[in-house]
Amino acid sequence: RLALLSESPDSPRIGYPTFLAIISLLSDPGKIRRAADEVLRHETPAHVKTPGILELAQSTFVTSTPLLSPLEVSILFTLASGQRAAESTTLESINKTVDAFYSALQPVPQAEHKPKPRTGLMEVLFQAYNFAVGAVAGGIGAAVVYPIDLVKTRMQNQRVAVVGEMMYKNSIDCFRKVIRNEGILGLYRGLGPQLVGVAPEKAIKLTVNDFVRSRMTNKKTGEIALASEMMAGAMAGGSQVVFTNPLEIVKIRLQIQGEMLKEATGAAKAIPRSSAITIIKELGLLGLYKGASACLLRDVPFSAIYFTCYSHLKKDVFREGERQLGILDLLLAGAIAGMPAAYLTTPADVIKTRLQVVAKKGETVYTGLVDATRKIYKEEGFKAFFKGGPARIFRSSPQFGATLMCYEVIHRIVPFPGESHELPQERSAQQSRELSSQAALFHAGNALRLLHDSGYKFGAMPSAK
């Protein structure tokens with residue numbers, strides 16, 4: 001209908017004042033609605049010529065509101081009625097014109113990308129992908145803190161009620177003596193089985209936690225209840241015991257082996273060094289799961305506490321969702337979450353260690369979980385349940401910090417096909433910038449089009465004939 005605003009039916013040109021008036025109307029369509037509201041306050045029922053339709057006169061519109069100039073009102077009535085120099089139009093037509101202005105000025109936003117539900121095969125592949133990423137991340141985390149884990153194990157296995165004096169005064173003394181007696185490589189005794197076993201252990205824990213959390217998360221709000229978070233973590237901890245227990249018992253016996261070799265120095269009969277394969281053969285299938293009850297008692301609450309704390313630290317402290325967390329943010333969140341989880345589950349870890357090591361001559365022998373708990377408390381007191389607690393914190397905290405950091409970073413660097421890790425806020429901000437840019441281009445394009453149609457001498461004084 002812009003053609004109706006030309007200087008004459010035979011000319012496509014638009015005068016400069018008309019051009020400015022059109023730009024004014026397009027710049028603020030809301031001004032038209034405000035002007036119409038002022039006019040309606042001056043209207044009477046006599047203007048309702050057809051039931052339900054309010055017809056407005058151009059002269060009444062001009063005298064009732066100062067928001068629009070007479071030329072802007074004339075242009076509005078022409079566009080609303082579809083007739084050149086229209087003297088009246090209906091309120092409904094004016095509202096439709098305003099809506100058309102808004103539609104033209106508001107570019108259609110891009111539809112939000114919603115991933116399609118994965119098929120059965122793709123779901124299996126996705127979980128296999130999570131498993132592989134968890135295995136790599138778990139191996140990195142375990143290798144980083146293995147020396148601390150060895151010190152923790154030896155401190156927990158050290159008894160008070162034994163013949164002879166205590167071998168280690170504290171964790172630092174243990175660390176020094178291991179290096180002095182066994183060399184630097186002694187700190188990594190048993191690392192091989194640890195890396196072989198930690199891959200499926202960490203992988204299944206991370207995969208189960210992610211899987212259960214995704215099923216318990218509200219699809220509409222994206223929120224998950226605290227109890228559901230803890231349940232997901234607990235199920236992840238319970239599922240890993242099938243890998244954890246055999247791994248732990250072989251690792252612990254390899255770690256304690258250095259002590260036994262040291263004590264046997266000069267003895268009449270030397271103690272042969274055992275490999276991981278030898279220990280597995282000696283234990284047998286059932287022996288590999290000795291102390292599994294204590295392992296469950298440790299891993300289930302540990303994972304329930306850890307994953308819940310980790311999630312809330314990321315969301316409430318490091319503001320995940322508002323920005324993309326950096327490597328340091330992820331590392332700190334994982335490390336801090338590991339502190340309470342590790343220390344509060346130390347008693348179960350002490351009991352598990354005592355059940356899984358081979359008792360030396362003169363040491364107490366434990367027959368089960370309850371028996372071990374009762375005898376440790378009776379012989380060594382309550383403090384014995386927290387032996388190696390600081391070493392456990394120093395091991396578990398950085399280990400899980402490194403593991404979870406690697407897990408999330410690998411997901412970002414090598415995403416599963418079809419998965420996006422772009423934040424909704426970043427996507428929304430990007431869309432807003434695109435819409436703003438499109439609106440600016442729309443205004444500029446219309447202005448240039450109007451300038452072109454009006455002729456290259458628009459605004460110039462006509463030459464005297």
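What follows is a short exchange on a cavity and a helix pair.

Guide: This is a predicted model, in which local features need pLDDT of at least 70 and side-chain atom pairs pLDDT 80 or more, while totals for chains, interfaces and linings use all residues. Residues are numbered from 1 along each chain as its sequence is written, and side-chain values use heavy atoms, without hydrogens and water.

Visitor: What makes a space count as a cavity?

Guide: On a 1 Å grid over the protein atoms alone, a cavity is a set of points where a 1.4 Å probe fits but cannot get out. Four of 30 Å³ or more are found in the whole structure.

Visitor: Which residues line the largest cavity, and which lie nearest its centre?

Guide: Its lining has 15 residues, with Glu201, Lys202, Arg298, Arg395 and Phe400 nearest the centre; a lining residue has an atom within 4 Å of a point. By class there are eight charged residues, four polar and three nonpolar, where Asp, Glu, Lys and Arg count as charged. Helix α16 gives the most, five residues.

Visitor: Why is α12 called roughly antiparallel to α13?

Guide: Their axes, lines fitted to C-alpha atoms over the stretch in contact, come within 8 Å and cross at roughly 150 degrees. Angles over 145 degrees count as roughly antiparallel, so α12 is roughly antiparallel to α13.

Visitor: Which classes make up their contact?

Guide: The contact (heavy atoms within 4.5 Å) includes Phe302 in α12 and Leu330 in α13. Its residues divide into 14 nonpolar, two polar and one charged.

Conventions: On a 1 Å grid over the protein atoms alone, a cavity is a set of points where a 1.4 Å probe fits but cannot get out, and a pocket is an open set with protein on both sides within 12 Å along at least five of seven lines; lining residues have an atom within 4 Å of a point. Grid points are joined across faces, edges and corners, and a volume is the space filled by probe spheres set on the points. Helices (H or I, at least four residues) and strands (E, at least two) are DSSP runs, numbered from the N terminus. Axes are lines fitted to C-alpha atoms, for helices over the stretch in contact, and angles run from 0 to 180 degrees between N-to-C directions. Angles under 35 degrees count as roughly parallel, over 145 as roughly antiparallel, 65 to 115 as roughly perpendicular and the rest as oblique.
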